[in-house]
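Dear colleague,

Please find below the sequence and structure that I am handing over to you. My findings follow directly after it.

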Amino acid sequence: MTISINAYAPDFVAEIGDVDLSQPLAPMDIDAIKQAFWKYGVLVFPEQQLSPQSHIDFAQQFGPIEMDRVLAMENAAPRLGSAFADISNLNGEGKIWDKDSRQRMYKEGNKLWHTDSSFKYQPGLCSLLYSTKVVPIGGHTEFADQRAAFDALSPEMKTQVRGLIALHAIEYSRRRTGFSNFDPEESKRLPPVPQLLVRTIPESGRKSLYVASHIGEIQGMNAIDGEALFQKLLAHVTQRQFVHVHRWRPNDLVMWDNRCTMHRGTDFDDMRFVRDMRRVTVSDVANTCEQEGVAVPA
Ligand code: OGA
Ligand code: MN
């Protein structure tokens, strides 16, 4: 049986059915999934029974998996191996986290519009998030299409943003939420990195904005003008017509293209309900400047 593809949002989000990702896939099915992924940017695979290993195995079809976690303490008491980002509101003992825990403060940043790992020199290519426990109210994930948003820019704006380089850092996005207590080792490990503000997606040839709340500076602009341009682009990309809301069911695997989409988590009562998800992120092939032959600023 071949896989089925049903678009939720034209050229942006599709549901993939008639596939069991816990089993080795036929080359034809892998190919069909890849083609759909490059076309849409967000794929939803409902009703999957994924072990950690089958989750990793599927992700590896798209490239090497990121193994470095941002917070040192995430490695200290891992519920999951280092191939996983723990996207839950649980502590190392599997209990709902403390109200003032560092983990909780840090993960508040997932509610800002962002794309995963743009703050790494070699950024994230795609992420695969699997739900095991969902909450009855809220806790949706919203996605925004940065390709459609680029296409809709005025000719003047396209000219203004083309070739611009932004500096991304995890500390920049966390500063926006009020979180600042990175330890010196964490800060040193993750200095600001340059990324193009407009990039080309090789598989589709489409141009995309590459905006994220990890941006803290735009090269060649003063701090006020850079922030104003960031806010203007953020407001543009996250307009309703570019946004899709995913309402989680247990055992959904959702994968998104970090190169051309943004996402954010939405509120839920995290001191009352357990929401448990795990994420694997695949690395992109190179820094965005390198990919487009733009000299990487020092
Ligand atoms: C992520 C993320 C948002 C959410 O897993 O990268 O940002 O809704 N998640 O949990
Ligand atoms: Mn994320």
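In which pocket does ligand 1 sit? Ligand 1 sits in the largest pocket. Please bear in mind that this is a predicted model, and that the distances and areas given below are computed from it.

The surroundings of ligand 1 are formed by Ile87, Asn110, His114, Asp116, Leu129, His140, Thr141, Trp256, His263, Gly265, Arg275 and Arg279. Sorted by class, this shell consists of three nonpolar, six polar and three charged residues.

Several side chains place polar atoms beside the oxygen atoms of ligand 1. For Thr141, a side-chain N or O atom is 2.6 Å from an oxygen atom of ligand 1. The corresponding distance for the side chain of Arg275 is 2.8 Å, and a polar side-chain atom of His263 lies 3.1 Å from a ligand 1 oxygen. Of the 290 Å² of accessible area that ligand 1 has on its own, the protein covers 98%.

The structure also holds a manganese ion, ligand 2. Which residues coordinate the manganese ion? The donors are NE2 of His114, OD of Asp116 and NE2 of His263, at 2.1 to 2.2 Å. Along the sequence, these donor residues follow the spacing H-x1-D-x146-H. Are His114 and Asp116 buried or exposed? Both residues are buried.

Yours sincerely

Definitions and conventions:
Residues numbered from 1 in each chain as written. Chains lettered and ligands numbered in written order. Predicted model: local features only at pLDDT ≥ 70, side-chain atom pairs only at ≥ 80, totals over all residues. Heavy atoms only, no water. Near = heavy atom within 4 Å. Polar contact = N/O pair within 3.5 Å; in protein donor to acceptor, adjacent residues only side chain to side chain. Areas by Shrake-Rupley, 256 points an atom, 1.4 Å probe, with all protein chains shown as cover. 1 Å grid on protein atoms, 1.4 Å probe; cavity = no way out; pocket = protein on both sides within 12 Å on 5 of 7 lines; lining within 4 Å. Sits in = over half its atoms within 2 Å of the grid points. Nonpolar A, V, L, I, M, F, W, Y, C, P; charged D, E, K, R; others polar. Donors = N, O, S within 2.8 Å, 3.2 Å for Na, K, Ca; no water. Buried < 20%, exposed > 50% of the residue type's maximum accessible area, 1.4 Å probe, protein only.
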